[in-house]
Amino acid sequence: MTYALKNFPATEKSSVRLISKILVDGGDAEETRYVKDLLGFVDGQTTNPSLIAKNPEVKRLVSSGHSLTEEEEIAEYRKIVRAISPLVGDAGISIEVFADLDTTAQQMLKQGREMFAWIPNAYIKYPCTSEGLKAAQRSVAEGIRVNVTLCFSQQQAAAVYAATKGAKTPVYVSPFVGRLDDTGQNGVDLVGNIKRMLAKGDGHVHVLAASIRSIQHLLYAFHVKAELVTAPARILEQWTKEGMPLPGDDFVYKAVGSEILYQELDLEQPWERFKIQHALTRKGIQKFVEDYRATLRSAG
Ligand code: E4P
């Protein structure tokens with residue numbers, strides 16, 4: 001895809017002061033470059049198997065009938081993050097391991113170690129499951145930066161905190177706002193609740209608001225001072241077109257579903273004691289597997 005810059009005076013591009021770091025949620029270096037031109041900066045990038053399957057080059061290969069082996073798919077992923085790597089700031093690039101519901105911690109860790117070596121600014125994304133948390137725990141002990149993804153509950157975020165204590169660099173936890181909204185809940189509440197809970201912690205876990213589908217989601221993430229927020233290019237483009245608004249002191253978020261209540265949790269518990277299983281995490285893993293396999297299958 002070709003992106004065109006228009007109607008954005010240069011003076012407006014980088015004048016916004018933000019607490020939250022801004023990441024592009026995508027899988028295409030051209031798109032990241034476009035957003036960077038619009039905003040004047042991009043702090044980081046998040047990718048996942050579905051976004052990689054949508055990369056223009058991957059789509060072109062698949063539609064031209066080229067049979068992608070698993071090794072070739074991984075090589076494409078590596079090529080994509082290497083192209084994005086120099087474009088982003090210190091929030092890095094989150095690279096997701098390929099995991100289905102049976103993938104073990106050891107298998108995830110093996111991928112994580114390899115992926116971490118692809119670029120100097122990698123964060124390895126593990127799903128928020130027991131196996132994913134074991135892999136994350138081991139990774140931080142080895143100095144591998146991690147982003148625990150597909151987080152849909154405060155209990156899961158507490159488990160991320162407890163499993164990664166002692167990490168030398170910030171650990172990201174990614175609550176998925178839009179996918180909670182899809183189920184009739186007020187997804188942003190989870191971001192606010194996790195921020196409130198982690199305020200009692202040691203600061204090693206940073207909240208990365210994900211599955212952002214609207215400007216209101218974005219503004220809420222700023223409002224609760226999420227350390228990071230990742231949004232698709234179209235949302236960041238829209239935000240720029242609206243003059244990069246920030247939430248004022250009078251910011252009010254209009255709830256879109258039922259409230260997600262705050263829970264008092266003891267962050268000092270062993271991580272295995274928290275309720276880690278979540279139906280939406282399982283569903284999310286299955287969707288990533290489906291999108292990843294579809295590229296391989298249709299290429300065959
Ligand atoms: C980012 O890390 C996530 O993979 C992404 O935000 C998911 O967004 P979606 O729910 O719109 O697919």
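Guide: Start with D182 and R213, whose side chains meet in a salt bridge, N to O at 3.2 Å. This pair links distant parts of the chain, 31 residues apart: D182 is in the loop between α9 (177-181) and α10 (188-198), and R213 is in the loop between β7 (205-209) and α11 (215-223). Helices (H or I, at least four residues) and strands (E, at least two) are DSSP runs, numbered from the N terminus. The model is predicted: local features need pLDDT of at least 70, side-chain atom pairs count only at pLDDT 80 or more, and totals for chains, interfaces and linings use all residues. Residues are numbered from 1 along each chain as its sequence is written, and side-chain values use heavy atoms, leaving out hydrogens and water.

Visitor: Why is the contact between D182 and R213 called a salt bridge?

Guide: The term requires a side-chain nitrogen of Lys or Arg within 4 Å of a carboxyl oxygen of Asp or Glu. The N to O value for D182 and R213 is 3.2 Å, so the pair qualifies.

Visitor: What makes D182 count as exposed?

Guide: Exposed means over 50% relative accessible area, buried under 20%, and partly exposed in between (1.4 Å probe, protein chains only). D182 has 57%, so D182 is exposed. R213, at 35%, is partly exposed.

Visitor: Which label does E76 get, buried or exposed?

Guide: E76 has a relative accessible area of 10%, so E76 is buried. The side chain of E76 meets that of K79 in a salt bridge of 3.5 Å, N to O.
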